[in-house]
Every structure is written in structure tokens, then in C-alpha cells.
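Subject: Structure for you to look at

Hello,

Here is the structure I said I would pass on. My notes on it follow below.

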2 protein chains.
Amino acid sequence: MIPETFTCDLVSWDRAVRLSRALAATVRDAGYRPEMVIAIGRGGYVPARIVCDSLLLNDLTGIKIEHWGIAASKGKEASIRYPLAANVRDLDVLIVDDVTDTGLTLRLAAGYVEGFGPREVRTGVLQHKGTSSFSPDYYVEYITDWRWVIYPWAMHEDLVGFTGKVLTEQAKSLAEIRTELSRRYAIAADEEEIMAALADLLTLGRAVEEGSHYRRRETTENQSSFHR
Amino acid sequence: MIPETFTCDLVSWDRAVRLSRALAATVRDAGYRPEMVIAIGRGGYVPARIVCDSLLLNDLTGIKIEHWGIAASKGKEASIRYPLAANVRDLDVLIVDDVTDTGLTLRLAAGYVEGFGPREVRTGVLQHKGTSSFSPDYYVEYITDWRWVIYPWAMHEDLVGFTGKVLTEQAKSLAEIRTELSRRYAIAADEEEIMAALADLLTLGRAVEEGSHYRRRETTENQSSFHR
């Protein structure tokens, strides 16, 4: 289960781009020369595109892994949602994702791609969590203490998820919501971003507006923000 | 043919992200509610990921279009390199790319995806060039006078391409190369980025180092930077 309060790490675009360039440099410095990059959808798309730029690789494709159950819980399972559309036979392949969490995604992806007869499959991520049961071949940062990482390409959807979590039966002002996001998750979001998240929560029927205050409206839906 | 001298437009990460968020807002404001986003590889990957974030869409996949011949020439042809891996039947689909150039890519992609029986296919790009023979349903900026747009996710490969172009038989210093990039293409790149491009040109055998100067080494290879 996801605990009530935990630290989020907001990654800026600048930092995410630097991490992606650094991942490419790590791969190159290790002497690996992939001929194709496979992004794990959706989190690996931006890092993979940047890695291809740094390594001058034209061949980029993606696969999508679907998760069942709640992220960061042990009972989670994964399966291939969008299969491989490229021929990897006899190629050196690099699979790229943003982060290892349980490690389930990369483990499944690597085994799946191996089945298509590439010469070699290696894996790379920007950030590797100590909680992961799978060790990627390449990573830029190691995260010892578990935290939720908010990448800039998932900023809005994660903020919708977390804003939904801090809403209660008792209506809160924008300032109170902002304070709660900071206190419970160490999320420093600006008011405009929180307003955009609240607008979507209203549209989704997960929040109710009362004057300039917002309160939770219970639904049975899952938090889409935890399904990367 | 690509002319000897023309203007390049370097798009920063900030601007590219703003354009991508604006594309999502344009789609939403038009009342279109896509259920799946298909990125055109490789240029559409980053915009598509951001559009999915803004519109809270989980279903993102990509197809890759291959180009034959030289970009910006009329004789260019295109074909599907990596096919569609997702089921789009009866879905409202949004195809996302960075830019329309000849329009060939989006025209091919839209027709191709239509063949899989979606409910509707619409197309969106960050920047739409007046040279395009295909009009996307949504775009954020219209480019009247043709120019080469360098997106931040293709910065290195484009710089490799353009640095290769300004090298001549007579060796040039880094400062001279930088001046030429600015004069011929209006590219304001910093020395570190040009050095990284030169390092790759040396590795690729397309440049020769003479002291602290660099000269062209003729090859018969195409410029990979013009194959997005």
C-alpha cells in the first residue's frame, strides 16, 4: 500500500535532460553500441528520444507494459500491452525507461525482447531504486530510500493524483491544498499547476467546488497517475 | 536540394514543452477527446508524451515513418517502418508529430491508421510549415517562410549534420566553425555542443583533426541528421 505521507522528488526538465544525456554517456563509455533503442511506454519515451540523439541512433521504437494492482506494492503484476513492432533479430538493443521501481517492468521487457532473437539486450534507466528486484545494466542515479519520482513529462497527471489525495470531505482552499501537498509529499507546485489539476479533478467528477474551496468526491476509480 | 545557406530555428526545451502543452490545450478546447495518442517516430515522441500528460491519457504508442531521398526536396517518399502495435478499432485517435515539412509523413500516417478502423483520426503538430501539402487538424505555430527547426531532442544530431556541412578541405578552428554555423544557419551553439558534434564527426570518419583545427573528410554517406 502507498503510505499516507511520503517524499516526492520533482525532477525539472533541465535535470531530466541532463540525466538522459548522462545515461547515453554511460552506455557509450561502457563500450556498448546499441543499434536500436526500445522505449518503455510511457515513462521511457522522453529519455529514449534523448539517448538516441546523443548516440546518433535512428532506430527508436517503443513497447508498453501494463501494470495490474497498485504501484509500489509487492503484489503488482505486469504484461505486454503494446508489443514490439520492430525487427530486432541479431541487433544490439538498449531498453530505456525512466526509473526502476519494483523492477517488474524492466525484467518483463528484457525477457520479452530476448525472445525475438537480438544479439544482445541491455537495459538503462535514469534512476534506479534500491527497492527494485531487477538491476539495469546502466543507470545514472541510485535512490536508496524509496520515494515517488515525478518526472516533468508526468507532472500534470501526478499532480492530479496527489491533489486528489489531499482533498477531504471538508472543503479546502487553494492555499490549504498547496500546503498539504508540500507537507505530505514535499511537492512544491505553483498555484497555476494546482489549479489545472483541480480543473481536471472537477471534470473527472473526483472533486466538488464550493465557492473558492474544493472537497473530495468519492469514486471507485483507480488513480491513473499511478499507471505509467 | 537543401540550399547552401538558410535559417535554423533552435527551439529550447522550455519552448518545446510550452508548444506541446499548448497543442494539448488546442485539442481539448476544440472539443476533441482522443482515447489514444500515436506518436510519429522519432520527432513526435516527446510532444506526444507531454500531450498525454496534459490530457491524462494513458494510451500512447508510436509508429515510425521512413523517408527516402532528401528532406525538403519534392522527390521524397515515405513508408511505414515500424507498424502500429496497438488496437485502435472504434477509438478516437490523435496522431502527434513535431512539425509538418512536406506533409508526407502525416498524410501517410493518417491514411495508414485509418485502415485499422478507428472511430476517428485527427492529427496535431507543434509547428506547421507553409510548405506542407497536408494540413494537420491542430497546430500551435504556423511557419510561413521555410526554415529548418532544430528541436531540443534532436539538438546533437542536427548539430553533427550542420557542423559536418561547414567543414571544408581547409581546416578550421573551433571559433571559425562556430562563426560559420551562425553565419550560414543562424545556429547559436555553445562550444561544448560543437565539440561534442566534432568528436562524433571524428569517430564517424567524417572529419579529420589537425592540431586544434578540423577539416572535412569526404564520405559517401548520407547525413543521418536529415532522417528523423
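V208(A) stands opposite R215(A), a residue of strand 11 of chain A. This is a predicted model, so please read everything here as computed from the prediction. The two residues belong to a pairing in which strand 10 and strand 11 (residues 213–216) of chain A run antiparallel, joined by four bridges. That pairing is part of an open, antiparallel sheet of three strands in chain A, with the order 9-11-10. Strand 9 (172–173) and strand 10 (207–210) are its edge strands, and each pairs on one side only. Helix 6 (residues 191–203) of chain A lies across strand 10 and strand 11, at about 110° to strand 10.

V160(A) is placed in helix 4 (residues 155–166) of chain A. Is V160(A) buried or exposed? The relative accessible area of V160(A) is 2%, so this residue is buried. Leaving out residues up to four places away in sequence, V160(A) touches A197(A), D200(A), L201(A), L204(A) and R206(A), and also L56(B) from chain B. G111(A) is 49 residues from V160(A) in sequence, and here the C-alpha to C-alpha separation is 33 Å. G111(A) sits in helix 3 (residues 104–114) of chain A, and it counts as partly exposed because its relative accessibility is 45%.

Next, the other sheet. Six strands of chain A form an open sheet with mixed pairing, in the order 4-3-2-5-6-7. Strand 4 (77–82) and strand 7 (138–143) each have a single partner strand, so at these two edges one side of the strand has no neighbour in the sheet. From one strand to the next the twist averages 30°. Strand 3 (residues 60–68) and strand 4 of chain A run antiparallel and are joined by five bridges. Within that pairing, W68(A) stands opposite E77(A) of strand 4. Helix 2 (residues 45–55) of chain A packs on this sheet and touches strand 2 (36–41), strand 3, strand 5 (92–100) and strand 6 (120–129). The direction of helix 2 makes about 165° with that of strand 2.

Most residues other than glycine have a negative phi, and most peptide bonds are trans. The peptide bond from G41(A) to R42(A) is cis, with omega near 0°, and R42(A) lies in the loop between strand 2 and helix 2 of chain A. In chain B, G41(B) and R42(B) are likewise joined by a cis peptide bond, with omega about 0°. R42(B) is in the loop between strand 2 (36–41) and helix 2 (45–55) of chain B. L56(A) is not a glycine but has a positive phi of about 55°; its place is the loop between helix 2 and strand 3 of chain A. D90(B), also a residue other than glycine, has a positive phi near 65° and is found in the loop between strand 4 (77–82) and strand 5 (92–100) of chain B.

W153(B) touches R49(A) and D53(A) in chain A, and its contacts in chain B include W13(B), P47(B), D98(B) and L126(B), not counting residues up to four places away in sequence.

Finally, chain A as a whole. Chain A has six helices and 11 strands, and 56% of its 228 residues count as buried. Its C-alpha trace spans about 60 × 30 × 30 Å along the principal axes. Of the contacts in chain A between residues at least 6 apart in sequence, 67% join residues at least 24 apart. The accessible surface of chain A is about 9500 Å², and carbon and sulfur atoms account for 48% of it.

Regards

How values were computed: Residues numbered from 1 in each chain as written. Chains lettered and ligands numbered in written order. Predicted model: local features only at pLDDT ≥ 70, side-chain atom pairs only at ≥ 80, totals over all residues. Heavy atoms only, no water. Pairing = 2+ DSSP bridges. Axes fitted to C-alpha atoms, helices over the stretch in contact; angles between N-to-C directions. Contact = heavy atoms within 4.5 Å. Buried < 20%, exposed > 50% of the residue type's maximum accessible area, 1.4 Å probe, protein only. Areas by Shrake-Rupley, 256 points an atom, 1.4 Å probe, with all protein chains shown as cover.
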